Amino acid sequence: MKVIDHQPHAWLLLEDESGLLIDVECHNGAVSCSVLIRLNEEELAEYRDGGHAYLNRLAETIHYSAPILAISNSPYKPRKLRGYQDQVLEAIRQWQAQGQPGGTANMQH
């Protein structure tokens, strides 16, 4: 897994052997966490057309759908991937150690 794009304090785009994943920082009051989803075919097509700007819009949509709340009916909630935290953290460490290629600011996750 590797980091291929990011928006500081908002999202990371990662790539693994199965495709692209977006890790979005979500906040609701005092509750915050990241939501990792795999991009589906529609999202991949939108990303190919809209690039970084599309990912900003997607991350905002995910964030405002409140997928971190227990009572949420966010369409992203059932897509939330689990069991990837160590892989994501290792990808961030490697990316930071390489001077964050393609990145513009220090990213803390």
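**Close-up views**

**View 1. Tyr54 lies in helix 1.** Helices (H or I, at least four residues) and strands (E, at least two) are DSSP runs, numbered from the N terminus. This is a predicted model, in which local features need pLDDT of at least 70 and side-chain atom pairs count only at pLDDT 80 or more, while totals for chains, interfaces and linings use all residues. Residues are numbered from 1 along each chain as its sequence is written, and side-chain values use heavy atoms, with hydrogens and water left out. Tyr54 has a relative accessible area of 10%, so this residue counts as buried. Buried means under 20% relative accessible area, exposed over 50%, and partly exposed in between (1.4 Å probe, protein chains only). Tyr54 contacts Glu43, Glu46 and Tyr47, with neighbours within four places in sequence left aside. Contact means heavy atoms within 4.5 Å. Leu44 is ten residues from Tyr54 in sequence, and their C-alpha atoms are 10.0 Å apart.

**View 2. The whole protein has two helices and four strands.** Read from the N terminus, the order is β-β-β-β-α-α. The C-alpha atoms fill a box of roughly 40 × 30 × 25 Å along the principal axes. The radius of gyration is 13 Å, which agrees with the value near 13 Å for a compact globule of 109 residues. That radius is taken over C-alpha atoms, and the globule rule is 2.2 Å times the number of residues to the power 0.38. Of the 109 residues, 36% are buried. Take the contacts between residues at least 6 apart in sequence: 51% of them join residues at least 24 apart.

**View 3. The largest nonpolar core has 18 residues.** A nonpolar core is a set of buried Ala, Val, Leu, Ile, Met, Phe, Trp, Tyr and Cys residues joined through side-chain atoms within 4.5 Å. Ile22, Leu39, Leu55 and Ile62 have the most contacts inside this core. At least two core residues come from each of strand 2 (11-16), strand 3 (19-28), strand 4 (31-38) and helix 1 (41-64). Helix 1 gives the largest share, seven residues. Apart from this core lies another, of nine residues, including Leu21, Leu36, Val88 and Ile92. In soluble globular proteins, nonpolar side chains tend to be buried together.

**View 4. Leu39 touches residues that include Leu13, Leu20, Leu21 and Ile22.** Leu44, Leu55, Leu58 and Arg79 also touch Leu39; residues up to four places away in sequence are not counted.

**View 5. Ile62 is a buried residue of helix 1.** Its relative accessible area is 1%. With neighbours within four places in sequence left out, Ile62 contacts Ile22, Val24, Cys26, Val35, Ile37, Pro67 and Tyr76. Cys26 is 36 residues from Ile62 along the chain, yet their C-alpha atoms are separated by 7.9 Å.

**View 6. His9 sits in the loop between strand 1 (2-7) and strand 2.** This residue is not a glycine, but its phi is positive, about 60 degrees. His9 is exposed, with a relative accessible area of 61%.

**View 7. Glu90 belongs to helix 2 (residues 85-97).** Glu90 is partly exposed, because its relative accessible area is 36%. Leu13 lies 77 residues from Glu90 in sequence and 14 Å away in space, C-alpha to C-alpha.
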